[in-house]
Amino acid sequence: MSTRAEPEAVEPVQTEERALDLAYDVLQARCPSRYALEHVTGRWGTLIMLSLRDGPVRFNELRRRVDGISEKMLSQGLQALERDGFVARDVLSTMPPRVEYQLTELGRGTSDQLKALAVFLETRMPEVKAAQAEYDRGEDGAA
């Protein structure tokens with residue numbers, strides 16, 4: 001009797017994990033994860049996700065929080081994020097009916113990553129501004 005583990009017991013899990021690795025590669029043009037990434041990291045998607053971090057919000061309050069967003073862009077952004085499973089739209093049975101938006105569990109995890117990136121960038125803005133100034137000085141001399 002052998003005490004060695006049978007390869008078949010481990011192989012299905014490894015094969016499934018490998019299949020998932022191959023199925024989604026954001027660098028590949030036809031990868032569906034590109035659309036979700038675009039929705040989350042696009043100009044408005046990130047700001048919407050960050051604005052929903054404090055809990056359920058009504059549309060107009062969300063529009064006030066995301067300074068500069070149009071009603072159309074907010075509506076489109078919310079629809080895309082809802083379709084991808086990052087945002088939940090709740091219609092409350094009041095008179096008149098109220099609609100609130102909130103992050104799903106997937107949305108909360110994603111917004112944590114976005115928040116970390118936003119904080120990182122905010123703390124590094126002096127370096128960004130210096131790099132921009134350096135670049136702009138080089139552009140002036142190249143013309």
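Reader: What makes the contact between the side chains of Glu61 and Arg65 a salt bridge?

Author: In this predicted model, the side chains of Glu61 and Arg65 meet at 3.4 Å, N to O. A salt bridge requires a side-chain nitrogen of Lys or Arg within 4 Å of a carboxyl oxygen of Asp or Glu, so the pair qualifies. Side-chain atom pairs count only at pLDDT 80 or more, local features need pLDDT of at least 70, and totals for chains, interfaces and linings use all residues. Residues are numbered from 1 along each chain as its sequence is written, and side-chain values use heavy atoms, with hydrogens and water left out.

Reader: Which residues are linked with Glu61 in a network of salt bridges?

Author: The network links Glu61 with Arg64 and Arg65. Arg64 and Glu61 meet at 3.2 Å, N to O, and are 3 residues apart in helix 4, about one helical turn. Glu61 and Arg65 are 4 residues apart in helix 4, also separated by about one helical turn. Helices are DSSP runs (H or I, at least four residues), numbered from the N terminus.

Reader: Why is Arg64 called exposed, and what is Glu61 called?

Author: Exposed means over 50% relative accessible area, buried under 20%, and partly exposed in between (1.4 Å probe, protein chains only). Arg64 has 58% relative accessibility and therefore counts as exposed. Glu61, at 29%, counts as partly exposed, and so does Arg65, at 36%.

Reader: How many salt bridges does a search of the whole structure find?

Author: The search finds 7. One of the salt bridges joins Arg137 and Glu134, with the closest N and O atoms 2.7 Å apart.

Notes. Helix = DSSP H or I, 4+ residues; strand = E, 2+ residues; numbered from the N terminus.
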